[in-house]
Amino acid sequence: MKASELAARLNYDMIGEDHALIGISYCKEAKPNELAVVRHKAEMAVTQSDVLLTLPVLVNTKKTLLISYDNIETAIIRVCQVFMEEGILEDYRLPAHLNRTGTGAFIGENVKVSQSAEIYPGAVIGNRVSIGKHCVIEPFAVIGSGTVIADNVFIGSGSKIGAESFYHSCDKFEGFLHFTGCGRTWIGEGTHIGSHTVIQRGTISDTVIGSHCMIGNNIDIGHDVRIGNYCKIVSQSGIAGNAVLGNHVEIYGQAGIANDVVIGNGVVVKAKTVVSRTVEDCQVVFGRFGRNYKDELRLAAKIRHYFSRKDV
């Protein structure tokens, strides 16, 4: 689809040369023939894409600008809707045509399941899913359409992998818009996922869980999250959209990771910690501000000492 055609469909302005588009992606990940979503001017210099989706901005660039007068979240949703209508992107909102198997599981269309995989009764597998060797899908687990699961993966009962992307925007003309995502979900080899955990599919990129990760029960992993290898995430933790975790990261119970946060390799996030900013490699963080663990303990000691003296 030509950028000029897309601009005409959405009543956006186009500045620069026309280019053919085959998809949409975030700025740093966008390829030359994909529409790159730009939230900040600095991102324009790091993308490979020739066409940028942006808000009205004054900038000197040789790239083509597709200028939206919506907020950027609404613009992303509207572009994806056009691309799905044209068949450029997959529409995972379409219901899966499920067939009941002899084992009591329900499986959709164009599904590839290894003969050595075990799928228990009550499990639901959507369309265009791939499940590798020696995987175990426990009862009542749901694998959303487009999900790719590598070998030796365990998924506990009641979990939903490839759930709808929780991506929304409030448009002044169309009201509240909710987009379920056109990305996929990838689960790496040897990863263990507990019960009642939700992993959302990507919005315009993919949600990726690395190899040999341990993911506990009742965990929510948001859209477009990327998790490295050998990570451990303990029960009742939440990771918001677009967060990035390196390798060997440990996140303990009831911790929260904010959207767009980058966590380095070997980081330990203590229980009930809130991380809202980048964490460098090999740090241990704790507390509601995600500060260095030892610094937080010293602060807590000073506070206790102050109040004990005041009471006296």
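Helix H2 is largely enclosed by the rest of the structure, because 11 of its 14 residues are buried. Keep in mind as you read that this is a predicted model.

**Helix H2**
- H2 covers residues 72–85 and reaches 20 Å from its first C-alpha to its last, close to the 20 Å expected at 1.5 Å a residue.
- Among the buried residues of H2 you will find Ile72, Ile76, Val79, Cys80 and Phe83, and also Arg78.
- Now look at the start of H2, where a side-chain oxygen of Asn71 comes to within 3.2 Å of the backbone nitrogen of Glu73.
- After H2 comes Gly87, which has a positive phi, near 80°.

**Strand S5 and its partners**
- In strand S5 (residues 64–67), Thr64 and Leu66 point one way while Leu65 and Ile67 point the other way, and all are buried.
- Strand S1 (residues 13–15) runs antiparallel to S5, and three bridges join the two.
- Ile15 has Leu65 of S5 as its bridge partner.
- Strand S4 (residues 51–54) runs parallel to S5, and four bridges join them.
- Opposite Thr64 of S5 stands Val51.

**Nonpolar cores**
- As a general background, nonpolar side chains in soluble globular proteins tend to be buried together.
- The largest nonpolar core here has 42 residues, and Ile221, Ile227 and Ile239 have the most contacts inside it.
- Setting aside neighbours within four places in sequence, Ile221 is in contact with several residues, including Val198, Ile209, Ile227 and Ile239.
- Apart from this core lies another one of 28 residues, among them Leu10, Tyr26, Val37 and Phe179.

**Cysteines**
- How many disulfides does the model have? The count comes to zero, taking a disulfide as a pair of cysteine sulfur atoms within 2.5 Å.
- Cys182 is in no disulfide, and its nearest cysteine sulfur, in Cys80, is 4.0 Å away.
- Is Cys182 buried or exposed? Cys182 counts as buried, because its relative accessibility is 10% and buried means under 20%.
- Cys282 has its closest cysteine sulfur in Cys231, and the 13 Å between the two sulfurs is too far for a bond.
- Cys282 counts as exposed, because its relative accessibility is 60% and exposed means over 50%.

Methods. Residues numbered from 1 in each chain as written. Predicted model: local features only at pLDDT ≥ 70, side-chain atom pairs only at ≥ 80, totals over all residues. Heavy atoms only, no water. Buried < 20%, exposed > 50% of the residue type's maximum accessible area, 1.4 Å probe, protein only. Core = buried A, V, L, I, M, F, W, Y, C linked by side-chain atoms within 4.5 Å. Contact = heavy atoms within 4.5 Å. Expected span 1.5 Å × (residues − 1). Polar contact = N/O pair within 3.5 Å; in protein donor to acceptor, adjacent residues only side chain to side chain. Pairing = 2+ DSSP bridges.
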